[in-house]
Amino acid sequence: MAITDKPDTEEHGLGTSLKPRHVTMISIAGVIGAGLFVGSANAIATAGPAVLLAYFFAGLLVILVMRMLGEMATANPDTGSFSTYATRALGHWAGFSVGWLYWWFWVLVIPVEATAAAAILTNWLGGAQWMWALIIVVALTATNLISVGNYGEFEFWFALVKVVAIIAFIGLGIAAILGWLPNSEVSGVDQLWASGGFMPLGFGAVIAAMLTTMFSFMGSEIVTIAAAESKDPAKGITRATNSVIWRISIFYFGSIFIIVALVPWNELDPATGSYQYVLSKMGIPHAETIMDIVILTAVASCLNSALYTASRMLYSLGDRGDAPRAVKKITSNGVPWIAVIASMVLGFLAVVGNYILPEKLFTYLLATTGAVALFVYLAIASSQLVLRRQLDRDGERPAVRMWLYPWLTYLAIGFIVFVLVMMVVRPEQRSSILLSAVLAAVTVIGGVLVQRRNTRRDTVAARVPGDSA
């Protein structure tokens, strides 16, 4: 693969080999992560059946944010997505800060997902966990380096497994509720209120669960980054944005409803996972093995996307002068190879750190990403407020338009601020929001310094012709 380093005046040079089916499946399954299959048990244990309200509120926010992002992305597709839009709307410092925060988030996803996948493979095949983590990371890095089409193909099949698994789970759940499964120990929907009522721990517990579920939706925005490497970005983004409502409704709300309707919420073991427990109660044989396969696929999908997303955001930062110029080097297939390798290396160093660093230290490291999703959502909403005015002024009507502008945008901003305040108020979330705020402050300061440097450089450059005249 030949390597190039295109000058700033040329087009990006990234590939456009993502096919419509790739973009469609990335958008459909972007919200399905291992956190849904395993982490949902924690949310259910926090709020009981009322966790449905937590998923509803969190999902509603994501729908609004995706609508705003879809408007900006269809008007101007860009691999930097919301980071680029923040630069245009709020200033260089905003795009710099959001871009680096987002990159950091996905780099730290790599060790989390690699460790989870390695644990499953070690349980099946034996061997050292770090060895399996290395094999998985290197293998997916190799596929990302070949071409963006390779990423799309792997993600298509990973995503298809997740989608089929969720649909099959919901189908089995409906059959169990109706009493059609002969070996099922559960039926009906009585568990929605049988163990202490629908909201056994009060509305405060719903808010606490919402803080947990909020971050399981991170990934839905990847389609606006990936679509920029397809032949018709606007069409892919429009389709993804318009389908986000039914995706969240089916995959999250539908499957969680099956769980809390069929089994007592206080019987779920977070270590086992809610889906595995319900499948076993339905009398489905080999439930543990089935869920291990699904979770391994979900983990591989998330790791694949983490490498892709981190590398594209790093490339975009380099293209705007906010990262070392070297990350702009691309292969003849349009892959930013240095950005991919740099993200992989740092991610794997974090994998090693997960084993050799004190557990508490690594936990603090992960906590720095705890509120990044909300910071990104806030940047998207704030950018849309500004850029929509420009679109209206210029008479442009992108394929996707935000509903009830600007009132729903203001509502989304207010809701994000409310969630951030609640994270500060609740002791179990406080360290996460504070460490995230420290990281955000550092990146904002860096962004302001870079903006001032660029302003001074532009001022000097503007004076030179006049001085020499």
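Helices here (H or I, at least four residues) are DSSP runs, numbered from the N terminus. Axes are lines fitted to C-alpha atoms, for helices over the stretch in contact, and angles run from 0 to 180 degrees between N-to-C directions. The model is predicted, so local features need pLDDT of at least 70 and side-chain atom pairs count only at pLDDT 80 or more, while totals for chains, interfaces and linings use all residues. Residues are numbered from 1 along each chain as its sequence is written, and side-chain values use heavy atoms, with hydrogens and water left out.

**Helix 15 and helix 16**

- Helix 15 covers residues 372-394 and helix 16 covers residues 407-425; their axes lie 10 Å apart, at an angle of about 160 degrees.
- Helix 15 is therefore roughly antiparallel to helix 16, a term for angles over 145 degrees.
- The crossing of the two is left-handed, meaning that the near helix is turned anticlockwise from the far one by less than a right angle.
- On the helix 15 side, the residues that meet helix 16 include Leu 374, Phe 375, Leu 378 and Arg 389. Among their partners in helix 16 are Tyr 410, Ile 413, Leu 420 and Met 423. Contact means heavy atoms within 4.5 Å.
- By class, this contact of helix 15 with helix 16 has 12 nonpolar, 3 polar and 1 charged residues. Ala, Val, Leu, Ile, Met, Phe, Trp, Tyr, Cys and Pro count as nonpolar, Asp, Glu, Lys and Arg as charged, and the others, Gly among them, as polar.

**The loop between helix 15 and helix 16**

- Leu 404 is in this loop, and its phi is positive, near 45 degrees, in a residue other than glycine.
- Leu 404 has a relative accessible area of 63% and so is exposed (exposed is over 50%, buried under 20%, partly exposed in between, with a 1.4 Å probe and protein chains only).
- Pro 406 also has its place in the loop between helix 15 and helix 16. A cis peptide bond, with omega about 0 degrees, joins Tyr 405 to Pro 406.

**Helix 12 and helix 13**

- Helix 12 (residues 287-319) and helix 13 (residues 337-356) cross at roughly 120 degrees, and their axes come within 8 Å.
- Helix 12 is therefore oblique to helix 13; angles under 35 degrees count as roughly parallel, over 145 as roughly antiparallel, 65 to 115 as roughly perpendicular and the rest as oblique.
- Their crossing is right-handed, the clockwise case.
- His 286 lies in the loop between helix 11 (274-281) and helix 12. His 286 is not a glycine, yet has a positive phi of about 60 degrees, and at 63% relative accessibility counts as exposed.

**Pro 111 in helix 5**

- Pro 111 is in helix 5, which covers residues 92-125, and is buried, with a relative accessible area of 0%.
- Neighbours within four places in sequence aside, Pro 111 is in contact with Gly 347, Ala 350, Val 351 and Phe 362.
- The C-alpha atoms of Pro 111 and Leu 303 are 8.7 Å apart, although 192 residues separate the two along the chain.

**Helix 7**

- Helix 7 (residues 148-177) has 30 residues and should span 44 Å at 1.5 Å a residue; its end C-alpha atoms are 43 Å apart, which agrees. The expected span is 1.5 Å times one less than the number of residues.
- Gly 179 follows helix 7 and has a positive phi, near 80 degrees.
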